[in-house]
Amino acid sequence: MNDLPPLHIGLLWHSFLSENLGVGALTVANANLIGAAVEKAGHRPIFHLMGVRGAFDYSHEIAFENDFENVGYKALANPVSNLHRQLKRCDIVFDIGGGDSFSDIYAARRFWLIIGTKIAAQRSKGPLILSPQTIGPFHTGIARHAAVGVMNMASRIFARDEKSLSVLETLGMKGKSALTTDVAFALPFEAAADKQSRDLAKGPIKVGLNISALLYRRDIAASDRIKLTVDYPALVDSLIERVANEPRAELHLVPHVLAAATPYEDDYALAEELKKRVPNAVLPPRFSGPSQAKSYIAGLDLFAGSRMHSTIAAISSGTAVVPLGYSRKFSGLFDSLGYGWNADLTSESNDAVLTRFDAALADLPNLRAQAVAANAEAQRRLGNYTAFLDGAIADLVAGHA
């Protein structure tokens with residue numbers, strides 16, 4: 001029996017309650033990676049998660065003891081709130097910024113809450129680490145100034161792509177920044193037993209589409225800086241039509257944000273609508289957590305999606321993928337892995353995206369091979385982060401001895 005005291009690990013902007021399974025993928029994977037480092041040092045980790053409370057609970061996918069505290073302006077403003085008490089308990093805090101929220105491309109209220117919580121993290125007992133995430137872009141001078149201020153409080157900052165690393169260096173953070181990749185590449189999943197035996201040229205094959213309700217329903221979406229050059233609903237219609245008319249393909253509609261209370265975010269309700277047009281399409285049951293979603297995607301032969309972590313689930317499980325990117329985070333991540341199939345919905349036309357998708361469908365064996373190679377590079381880069389975790393936890397333990 002281990003008699004050593006546990007280490008209290010803060011996971012800021014993580015959640016096992018989020019309707020966005022991408023946030024869940026980051027949370028489960030990062031907790032498992034950090035937990036492994038803590039156990040290697042001979043201690044037991046207790047995780048204190050702080051993020052946005054949603055309607056789900058997939059804490060069972062985290063292999064370690066954990067609890068959760070909601071983050072909001074009211075809790076942030078009250079120095080004796082549960083949020084601040086939780087931070088004070090932490091021996092070290094890992095802030096992942098929801099993966100891509102350390103930027104002003106979304107609503108201002110979201111950005112300033114991200115900034116405020118980084119300041120609040122100083123109330124913890126130990127260092128603040130910015131776990132692998134997209135850094136920026138910061139479009140305004142005040143946003144850049146605030147970002148620099150809070151990054152100066154961090155002990156180490158991890159960029160998940162070269163573009164983010166370049167932003168860090170431009171902002172004077174070169175001495176404390178490092179390059180790795182998205183932690184969701186480490187998210188556990190179950191492989192499909194029959195996948196390798198399928199004939200990708202002749203079929204039948206399984207083709208998955210993840211359609212972002214946020215992009216599809218732009219007329220009711222919250223204000224942000226996302227500007228598309230494609231007609232997204234028309235693009236979705238064309239992709240569905242192509243797959244539905246492909247004799248060797250079975251169409252799967254794969255939601256990755258399950259937000260029934262927020263219509264403009266709910267991929268599942270949108271998928272139900274689209275299935276009415278294509279009754280033969282397969283709509284899986286609502287996933288119970290990010291690993292279950294990744295296991296489903298792992299069973300597909302080709303995947304195209306606009307929720308970034310649905311596309312990471314694909315490429316990290318050996319599934320050929322055409323990312324349908326709406327921000328720099330897509331191109332930054334996939335280009336950094338040498339995977340050149342990203343479709344940029346902010347600069348390309350519908351025809352250009354469809355041409356890329358057609359090329360992928362026509363050459364699946366080659367595309368899968370490229371996905372496997374990109375995943376191997378991601379796993380190599382992830383080693384930079386796991387090596388840091390081993391060292392940081394060892395130093396923390398030594399400091400407490």
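How much space lies in the largest pocket? About 1100 Å³. This is a predicted model, in which local features need pLDDT of at least 70 and side-chain atom pairs count only at pLDDT 80 or more, while totals for chains, interfaces and linings use all residues. Residues are numbered from 1 along each chain as its sequence is written, and side-chain values use heavy atoms, with hydrogens and water left out.

**Pockets**

- A pocket is an open set of points on a 1 Å grid over the protein atoms alone, with protein on both sides within 12 Å along at least five of seven lines. Lining residues have an atom within 4 Å of a point.
- A volume is the space filled by probe spheres set on the points, which are joined across faces, edges and corners.
- The largest pocket, with about 1100 Å³ of space, is lined by 44 residues. N20, V52, S101, R110 and E265 are the closest to its centre.
- Two or more lining residues of the largest pocket come from each of α1 (21–40), α4 (108–120) and α11 (308–315). α4 gives the largest share, four residues.
- Helices (H or I, at least four residues) and strands (E, at least two) are DSSP runs, numbered from the N terminus.
- The lining of the largest pocket has 18 nonpolar, 16 polar and ten charged residues. Nonpolar covers Ala, Val, Leu, Ile, Met, Phe, Trp, Tyr, Cys and Pro; charged covers Asp, Glu, Lys and Arg; the others, Gly among them, are polar.
- The second largest pocket holds about 210 Å³ of space. Its lining has 18 residues, and I105, P137, Y326, S327 and R328 lie nearest its centre.
- Helix α12 (residues 328–336) gives the most to the lining of the second largest pocket, three residues. That lining has four nonpolar, seven polar and seven charged residues.

**Cavities**

- A cavity is a set of grid points where a 1.4 Å probe fits but cannot get out. The structure holds two cavities of 30 Å³ or more.
- The largest cavity has a volume of about 50 Å³. Its lining consists of A25, A184, L187, H256, P290, K294, H309, I312 and A313.
- α10 (290–298) and α11 each supply at least two residues of the lining of the largest cavity. α11 gives the most, with three.
- By class, the lining of the largest cavity has six nonpolar residues, two polar and one charged.
- The second largest cavity has a volume of about 40 Å³. Residues that line it include L209, N210, I211, D267 and L274.
- β8 (205–210) and α9 (267–277) each supply at least two residues of the lining of the second largest cavity. The largest share, four residues, comes from α9.
- The lining of the second largest cavity divides into eight nonpolar residues, one polar and one charged.

**Helix α1**

- α1 has 20 residues and reaches 28 Å from its first C-alpha to its last. That is close to the 28 Å expected at 1.5 Å a residue, where the expected span is 1.5 Å times one less than the number of residues.
- 17 of the 20 residues of α1 are buried, so α1 is largely enclosed by the rest of the structure. Buried means under 20% relative accessible area (1.4 Å probe, protein chains only).
- At the start of α1, a side-chain oxygen of N20 reaches to within 2.8 Å of the backbone nitrogen of G22.
- Just after α1, G42 takes a positive phi of about 90 degrees.

**L345**

- L345 sits in the loop between β12 (343–344) and α13 (350–362). L345 is buried, with a relative accessible area of 0%.
- T229 is 116 residues from L345 along the chain, yet their C-alpha atoms are separated by 5.9 Å.
- L345 touches residues including L215, L228, T229, Y232, S306 and V353, not counting residues up to four places away in sequence. Contact means heavy atoms within 4.5 Å.

**Backbone exceptions**

- Most residues other than glycine have a negative phi, and most peptide bonds are trans.
- W13 has a positive phi of about 60 degrees although it is not a glycine. W13 lies in the loop between β1 (7–12) and α1, and is buried at a relative accessible area of 9%.
- A cis peptide bond joins G136 and P137, with omega about 0 degrees. P137 lies in the loop between β5 (128–133) and α5 (141–151).
- Another cis peptide bond joins G203 and P204, with omega about 0 degrees. P204 is in the loop between β7 (177–179) and β8.

How values were computed: Buried means under 20% relative accessible area, exposed over 50%, partly exposed in between (1.4 Å probe, protein chains only). A polar contact is a pair of N or O atoms within 3.5 Å; within protein, one must be able to donate a hydrogen and the other to accept it, and residues adjacent in sequence count only if both atoms are side-chain atoms.
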